[in-house]
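Student: Could you walk me through this structure?
Tutor: Gladly; please look at it here.

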Amino acid sequence: MKTLVLTAHPDLGKSRINRLWFDALSDAESVTTRDLTTIGGATFTFDIEAEQALLLAHDRIVFQFPFYWYSAPPVLKAWMDQVLSYGFAYGPGGHKLAGREFLTLVSTGGPADSYHAGGYNNYAMDEFLKPFQQTANLTGMTYLRPFVAHGMAVADAAKLEATVPDMLAHLTDPALDPKIKQARINKALAEDPSKAAAVS
Ligand SMILES: Cc1cc2nc3c(=O)[nH]c(=O)nc-3n(C[C@H](O)[C@H](O)[C@H](O)COP(=O)(O)O)c2cc1C
């Protein structure tokens with residue numbers, strides 16, 4: 001499985017957590033990393049054909065970003081507007097991304113308990129990330145569970161480092177597709193029906 005990580009941070013040189021993730025992913029096998037801010041330059045201009053060819057050469061597409069005003073930094077939106085074009089990602093004949101997998105890798109400043117009903121951010125990450133989920137749906141990609149690390153603005157170095165193994169395990173897990181997970185549970189149940197109560 002080949003994974004393409006598109007990193008949208010305004011300045012990775014000043015990042016605490018996304019830089020760590022970017023470096024760890026750059027060293028991982030079968031993972032291609034792209035710093036969109038460096039590639040797009042000051043005008044956020046992308047070589048559309050080159051970007052699309054990269055998408056087609058990978059099985060799993062990852063959008064990596066720090067959460068900014070409940071969304072992604074603008075370079076990612078610019079990349080999406082240019083690269084996910086009519087006739088490529090949607091519209092007549094535009095099913096080139098169909099069958100690929102998609103997920104987001106996100107760091108937040110706010111703590112985990114703020115991202116719930118009744119928390120000061122009120123809504124869960126799954127709700128804030130809906131535009132990305134529907135982008136995957138419309139383009140025919142399988143939406144995978146996001147990896148989110150909370151409280152990163154104030155985390156100490158040990159806490160930042162501690163996210164790296166879990167992040168790598170999640171991003172490189174070949175069985176993140178919910179259909180694969182479900183099939184595994186069903187297989188285990190077929191082999192040992194006594195487990196039914198434990199998984200239902
Ligand atoms: C412009 C801006 C907007 C931000 N908006 C949010 C936000 O909406 N929610 C949140 O939890 N953190 C927010 N933060 C905090 C960042 O998400 C946090 O500092 C970041 O994930 C750390 O990533 P980095 O170390 O890679 O820069 C914001 C930070 C900045 C600079």
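Student: What kind of model is it, and how are residues numbered?
Tutor: It is a predicted model, in which local features need pLDDT of at least 70 and side-chain atom pairs count only at pLDDT 80 or more, while totals for chains, interfaces and linings use all residues. Residues are numbered from 1 along each chain as its sequence is written, and side-chain values use heavy atoms, with hydrogens and water left out.

Student: Which residues come nearest to the ligand?
Tutor: Of the 16 residues around the ligand, the nearest are Ser-15, Arg-16, Phe-67, Ser-107 and Tyr-115, where being around it takes a heavy atom within 4 Å.

Student: How far is the polar side-chain atom of Ser-15 from an oxygen atom of the ligand?
Tutor: That distance is 2.6 Å for Ser-15, and a side-chain N or O atom of Ser-107 is likewise 2.6 Å from a ligand oxygen atom. For Asn-18, a side-chain N or O atom is 2.8 Å from an oxygen atom of the ligand.

Student: Changing topic, at what angle do helices H3 and H4 pack?
Tutor: Helix H3 (residues 48-56) and helix H4 (residues 74-83) pack at about 90°, with their axes 10 Å apart; helices here are DSSP runs of H or I with at least four residues, and axes are lines fitted to C-alpha atoms over the stretch in contact, with angles from 0 to 180 degrees between N-to-C directions. H3 is therefore roughly perpendicular to H4, a term for angles of 65 to 115 degrees.

Student: Which residues make that contact?
Tutor: Ile-48, Glu-51, Gln-52 and Leu-55 of H3 meet Trp-79, Gln-82 and Val-83 of H4, contact being heavy atoms within 4.5 Å.

Conventions
Polar contact = N/O pair within 3.5 Å; in protein donor to acceptor, adjacent residues only side chain to side chain. Helix = DSSP H or I, 4+ residues; strand = E, 2+ residues; numbered from the N terminus. Parallel < 35°, antiparallel > 145°, perpendicular 65-115°, else oblique.
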